[in-house]
Structures are given as structure tokens and as C-alpha cells.
Amino acid sequence: MLLQWLLNFQRRLAGGKTRLAGPITASDWAKLDARQAFSHIYRHRLWGGTGFYSGAGSHDPGIVTPYVDAIRTWAMGQGPLDAVDLGCGDFHVGAAVRPLFRDYVACDVVPDLIAHHQTGPHAGNVDFRCLDLARDPLPAGDVVFIRQVLQHLPNAMVQDLIPRLYAYRWLVLTEHLPSTPGFTLNLDKPIGPGIRLKIGSGIDLTAEPFLLRALEERVMCEVPQFGGLVRTTLYRLRP
Ligand SMILES: C[S@@+](CC[C@H](N)C(=O)[O-])C[C@H]1O[C@@H](n2cnc3c(N)ncnc32)[C@H](O)[C@@H]1O
């Protein structure tokens with residue numbers, strides 16, 4: 001606990017030094033690491049809302065309710081599971097699924113966001129940690145949730161995550177994808193608030209260049225948004 005607090009404090013100091021003033025251009029995004037990019041997004045409310053706000057995909061009941069229902073149906077058919085939530089954001093969605101699991105570790109790369117959660121209403125029964133999913137060791141658990149996170153990241157960061165996913169038995173991945181059949185998978189993009197939908201692409205972890213090996217795969221839910229589909233896929237990664 002003390003170690004995590006010290007780590008957050010050190011990261012918040014570092015975040016202050018790299019603070020970017022005002023709007024930034026498309027080419028600037030590529031120069032930022034994840035902590036800088038997403039701190040900037042929240043500070044300047046690039047996904048709208050007030051305070052820390054992770055965007056419509058985290059709040060629109062038409063998107064969130066089918067997701068929570070699908071996770072509940074699945075989780076109730078399992079024994080007790082420890083969950084890890086990578087890129088937990090404002091935790092509006094995380095809070096809805098948290099009661100379905102035993103231990104719950106919620107992680108994000110934005111130090112101020114995690115510090116906010118650590119003194120917030122869920123601090124007593126959620127272990128909030130600041131980490132970069134592309135670089136840092138990941139918490140142990142049975143199931144890892146990655147919801148509308150990878151769609152914002154360049155392929156190199158996604159690639160760095162892949163080998164470490166095999167530590168989990170289950171991966172529940174939510175990505176915003178084009179609804180047009182035969183779209184080009186996994187086109188690269190710079191880090192930032194936008195997603196691959198804008199370039200007619202979307203993430204499929206089992207395809208090139210990621211080639212995630214899953215023992216089972218099934219779509220848990222799929223909801224239309226912004227001319228695309230927000231799809232949640234369950235992967236079994238270990239027996
Ligand atoms: C669009 S929000 C989604 C939040 C939440 N998963 C949800 O569905 O409501 C994406 C979140 O991923 C976090 N994120 C982005 N890159 C990350 C990284 N490399 N490591 C950890 N978190 C990251 C961002 O800070 C942001 O909070």
C-alpha cells in the first residue's frame with residue numbers, strides 16, 4: 001500500500017514535468033507515452049463530461065447495460081474469480097461488474113485518476129493501481145478485462161502486452177470495430193483519444209501482427225455505436 005502510494009506520488013511529480021499546455025496537434029500525439037497522452041486527455045476533457053470522464057462508451061446505458069448483463073451471466077456460471085481491470089478509466093463500468101468477482105484490481109496509467117479512485121467510494125473493496133499495461137508487471141488474477149483501451153493504442157504497445165496476457169485464464173476484450181464486413185484488421189495508429197474506426201480498422205488480437213493464441217473464443221455482446229460495433233469477446237487463454 002505504502003509502496004503503491006510512493007509510486008503514484010513519484011509518477012504524479014513526473015506527470016507535472018511533462019504537462020502539455022492546451023490542445024495538441026495530431027503529430028504531437030505520437031511523441032507522448034501513455035501516461036502523458038491519457039493525462040492530457042482527462043485534463044482537457046477530450047472525451048467530454050466533467051471531472052474524470054472516460055467517454056460515452058463508459059456511460060451510455062445502451063452500451064453499458066448489455067455489457068454488464070453479459071458479464072453477469074458469464075461470471076455466475078463460474079466459480080469465484082479474481083479480476084484485473086486494465087485501463088479502468090473513470091470506473092463507472094468497473095463499479096457495475098465489481099460485485100461479481102472476489103478480488104478486484106483496477107489499473108490505469110493516469111496517476112491523478114488512480115489517486116482520485118484511491119480516496120473514492122470504491123477504495124475499500126477495489127485495489128486501485130497505477131500502471132502502464134504495455135510496460136509494467138501486471139497483477140495476478142483469473143480474468144483480465146480490457147475494455148475500450150487497446151483501440152486507443154499503437155500496435156507496438158498492444159504487441160508488448162500480448163505475451164503477458166497468458167498469465168490469465170480468461171481475457172474479456174471490448175473493442176470498437178467497423179460494422180462493414182471484411183474491414184482491414186489492426187491498422188496502426190498513434191496513441192491518442194481517437195480510435196481505428198476513423199481509419200476503417202479495428203483490433204483483432206488473434207490476427208497479424210498480434211497472433212494471440214486462444215483455446216476458446218466467443219462474442220459475449222455486440223452493440224452499435226457511431227456507425228460501428230462495440231464488441232466484447234471472451235477468450236480462454238489457459239485450461
Ligand atoms: C476509453 S477509456 C475506457 C475506460 C474503461 N475501461 C471503460 O470501459 O469504461 C480508456 C482508459 O485506458 C487507459 N489506458 C490507456 N492506455 C493505457 C495503458 N498503457 N496502461 C493502462 N491504462 C491505459 C486510459 O487512461 C483510459 O482511462
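In which strand does R218 lie? In this predicted model, R218 belongs to strand β8, which spans residues 216–225.

View 1. R147 is 71 residues away from R218 along the chain, and the C-alpha atoms of the two residues are separated by 16 Å.

**View 2. The shell of residues around the ligand.** The ligand is surrounded by 24 residues, of which F38, S58, G87, G89 and R147 are the closest. Two or more residues of this shell come from each of the elements α3 (34–43), α5 (92–97) and β2 (104–108). By residue class, the shell comprises 13 nonpolar, 8 polar and 3 charged residues.

View 3. Helix α7 covers residues 155–165, and its buried residues are V158, L161 and L165. In general, an α-helix has 3.6 residues a turn, so residues three or four places apart point the same way. The cover over the buried residues of α7 includes strands β4 (143–147) and β5 (170–178).

**View 4. The other side of helix α7.** Here A156 and P163 are exposed, whereas V158, L161 and L165 are the buried residues of the helix.

How values were computed
Residues numbered from 1 in each chain as written. Predicted model: local features only at pLDDT ≥ 70, side-chain atom pairs only at ≥ 80, totals over all residues. Helix = DSSP H or I, 4+ residues; strand = E, 2+ residues; numbered from the N terminus. Near = placed C-beta within 6 Å. Nonpolar A, V, L, I, M, F, W, Y, C, P; charged D, E, K, R; others polar. Buried ≥ 20, exposed ≤ 12 C-beta atoms within 10 Å, placed from the backbone. Contact = placed C-beta atoms within 7 Å.
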